[in-house]
Amino acid sequence: MYKDHIFGILASLFGKKHGYSIKKLVCDKRFFMNVMSSRPVNDYIGIISKSYMMGNITCGCSVRLWNCEVIALGNVHIGTGTSMNYVKVRQAINDVIIGNYCSIGEGTRILEYNHQFQRLSSYYYKSNIFKENLLEDIQSKGEIVIEDDVWIGNNCIILSGVHIGRGAVIGAGSIVTHNVVPYSINAGNPSRMIKKRFSDSIIDEIEKTKWWDDNPLLLSRKREMFDCFEEKIQHENDN
Ligand SMILES: CC(C)(COP(=O)(O)OP(=O)(O)OC[C@H]1O[C@@H](n2cnc3c(N)ncnc32)[C@H](O)[C@@H]1OP(=O)(O)O)[C@@H](O)C(=O)NCCC(=O)NCCS
């Protein structure tokens, strides 16, 4: 709609003051208002480019969204620093929550609802024919939660009711139908754990840092912590 282009342009004009560099955005009033209520973090502006954002979508600081399409009838949250390129999110019934510092690869789809198929037709007949509420035509297995620092490879599908634990990796082309254990590597259709990223002791140490709760400015003062873990993990792999 024409109005959504106007809100996109307004977001481009006023977004900078609120910590975003916004280009070629089409959005509704709800998303525009969310942008207007966010606070900037020095030198770590969020980027929203060539995207279509409709509904109550909130973004943490320093998000990086290129060519994304997020449509929400309810709530979607995209955490601090999270990066998504050519990703589509479809949310209608239960929340979709994406944590901080996640990387979501091209072509991935996050699909929070299904058509109602236990009835005469799976077609949207209540809304399209009888002019009833669209929510009468869909169902969901629950919210989708993607915790912090999750890397989802290209062309994955994440289905409703799934909870992906912190630090997990999802291989390219995977279809995630069940919960994913933190710090595990998963792949396939349906996706299964293929290995763990680290030993339990390293995972415990990482968990104690809670590094994902810091904004990028605070993290930029913690380079030593990142280097130290790199060494520890290298050492563990060598032995
Ligand atoms: C998941 C991934 C990170 C695992 O890498 P890895 O640790 O080197 O894994 P391995 O090559 O040791 O594979 C282990 C097993 O899992 C299988 N496997 C790996 N990735 C797979 C995938 N995406 N789908 C299905 N099976 C996969 C391998 O075939 C192998 O099976 P085998 O033991 O029967 O031979 C990697 O394969 C992957 O999919 N990366 C995503 C790439 C991408 O999307 N990049 C875009 C940038 S955002």
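## Two helices running in opposite directions

Helices H4 and H6 are roughly antiparallel to each other, a label used for angles over 145 degrees, while under 35 counts as roughly parallel, 65 to 115 as roughly perpendicular and the rest as oblique. In this predicted model, local features need a pLDDT of at least 70 and side-chain atom pairs count only at pLDDT 80 or more, while totals for chains, interfaces and linings use all residues. Residues are numbered from 1 along each chain as its sequence is written.

Two packed helices are described by the angle between their axes and the distance between the axes. For H4 (residues 200-209) and H6 (residues 223-238), the angle is about 170° and the axes are 11 Å apart. These axes are lines fitted to C-alpha atoms, for helices over the stretch in contact, and the angles run from 0 to 180 degrees between N-to-C directions. H4 brings Ile202, Ile206 and Thr209 to the contact, and H6 brings Met225, Phe229, Lys232, Ile233 and Glu236; being in contact means that the C-beta atoms of two residues, placed from the backbone, lie within 7 Å. By class, this contact has 5 nonpolar, 1 polar and 2 charged residues. Here Ala, Val, Leu, Ile, Met, Phe, Trp, Tyr, Cys and Pro count as nonpolar, Asp, Glu, Lys and Arg as charged, and the others, Gly among them, as polar.

H6 is also the place of Asp227. Is Asp227 buried or exposed? Asp227 counts as exposed, with 10 C-beta neighbours inside 10 Å. The scale calls a residue buried if 20 or more other C-beta atoms, placed from the backbone, lie within 10 Å of its own, exposed if 12 or fewer, and partly exposed in between. Val181 is 46 residues from Asp227 along the chain, and their C-alpha atoms are separated by 25 Å.

Now for another pair of helices. The axes of H1 (residues 2-14) and H2 (residues 29-36) come within 9 Å and cross at roughly 10°, so H1 and H2 are roughly parallel to each other. Phe7, Leu10, Ala11 and Phe14 of H1 meet Lys29, Phe32, Val35 and Met36 of H2. The residues of this contact divide into 7 nonpolar, no polar and 1 charged.

## The whole chain

How many helices and strands does the chain have? There are 6 helices and 19 strands; helices (H or I, at least four residues) and strands (E, at least two) are DSSP runs, numbered from the N terminus. The radius of gyration is 19 Å, close to the 18 Å that the globule rule gives for 239 residues, so the chain is as compact as a globular protein of that length. That radius is taken over C-alpha atoms, and the rule is 2.2 Å times the number of residues to the power 0.38.

Along the principal axes, the C-alpha atoms fill a box of roughly 65 × 45 × 25 Å. Of the 239 residues, 32% are buried. Among contacts with a separation of 6 or more, 30% come from residues 24 or more positions apart.

## Around the ligand

The ligand has 13 residues around it, of which Gly105, Gly153, Gly171, Ala172 and Ala187 come nearest; a residue is near a molecule or strand if its C-beta atom, placed from the backbone, lies within 6 Å of it. This shell divides into 5 nonpolar, 8 polar and no charged residues.

Gly105 lies in the loop between strand S8 (103-104) and strand S9 (109-111), and it is partly exposed, with 19 other C-beta atoms within 10 Å. Leaving aside neighbours within four places in sequence, Gly105 is in contact with Ile152, Gly153 and Asn154. Trp151 is 46 residues from Gly105 along the chain, with 7.8 Å between their C-alpha atoms.

## Backbone details

Most residues other than glycine have a negative phi, and most peptide bonds are trans. Asn67, however, has a positive phi of about 50° and lies in the loop between strand S3 (64-66) and strand S4 (69-78). Tyr86 also has a positive phi, near 50°, and lies in the loop between strand S5 (83-85) and strand S6 (88-91). Asn67 is partly exposed, with 15 other C-beta atoms within 10 Å, and Tyr86 is partly exposed with 17.

The peptide bond from Asn189 to Pro190 is cis, with omega near -5°. Pro190 sits in the loop between strand S18 (184-187) and strand S19 (192-196).
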